[in-house]
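Trainee: Could you show me how to read surface and core features in a model such as this one?
Mentor: Let us look at it together, beginning with a single residue.

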Amino acid sequence: DVYADDAGKTWFGTDGKGLYYLDHDQLKALSFHSVSSTAAEDDLKTIYSITTDNNQNIWLSGSKGNILHIDKDGNLLQQIDAPQGYINSLITSGKGEVLMIREGAIQIRNPGGEIYFYNESSG
């Protein structure tokens, strides 16, 4: 995935090489810190979708389908496991919500941290 954030950086999710960003015409790898689980470490190698929230924190979907919320310094803030399957896309709404689009379902995380799950049985 390629994502241009509001701070002027362009982010590149790679297939096996992690997360890179373009800042002032220099391509840099983001080093991750405080990643405690091997599942999170594996997810950070292959990145399928990228978005940022209102605080310029980064949201990533990885190869295991988990969602990783990291700050701009690479510290893991939150990991959302993916029992419902892989994430196809991450999008930030104008209200500061992070939409996590899966096949057959949408999860929405509001700015307060609550997560809502919608699928065909939700109407």
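Mentor: Ile-106 is partly exposed, its relative accessible area being 33%, where buried means under 20%, exposed over 50% and partly exposed in between, with a 1.4 Å probe and protein chains only. This is a predicted model, in which local features need pLDDT of at least 70, side-chain atom pairs count only at pLDDT 80 or more, and totals for chains, interfaces and linings use all residues. Residues are numbered from 1 along each chain as its sequence is written, and side-chain values use heavy atoms, with hydrogens and water left out.

Trainee: In which strand does Ile-106 lie?
Mentor: Strands (E, at least two residues) are DSSP runs numbered from the N terminus, and Ile-106 belongs to strand E11. Two strands pair if DSSP finds at least two bridges between them; E11 (residues 105–109) is joined to E10 (residues 98–102) by five bridges, and the two run antiparallel. Within this pairing, Leu-99 is opposite Ile-108 of E11.

Trainee: What is the order of the strands in the open sheet?
Mentor: The order is E9-E10-E11-E12, with antiparallel pairing, and the edge strands, each pairing on one side only, are E9 (87–92) and E12 (115–119).

Trainee: And how should I read a nonpolar core?
Mentor: A nonpolar core is a set of buried Ala, Val, Leu, Ile, Met, Phe, Trp, Tyr and Cys residues joined through side-chain atoms within 4.5 Å. The largest one here has twelve residues, among them Tyr-3, Trp-11 and Leu-44, and strands E3, E5, E6 and E7 each give two or more residues to this core. A second, separate core of seven residues includes Trp-59 and Ile-87.

Notes: Helix = DSSP H or I, 4+ residues; strand = E, 2+ residues; numbered from the N terminus.
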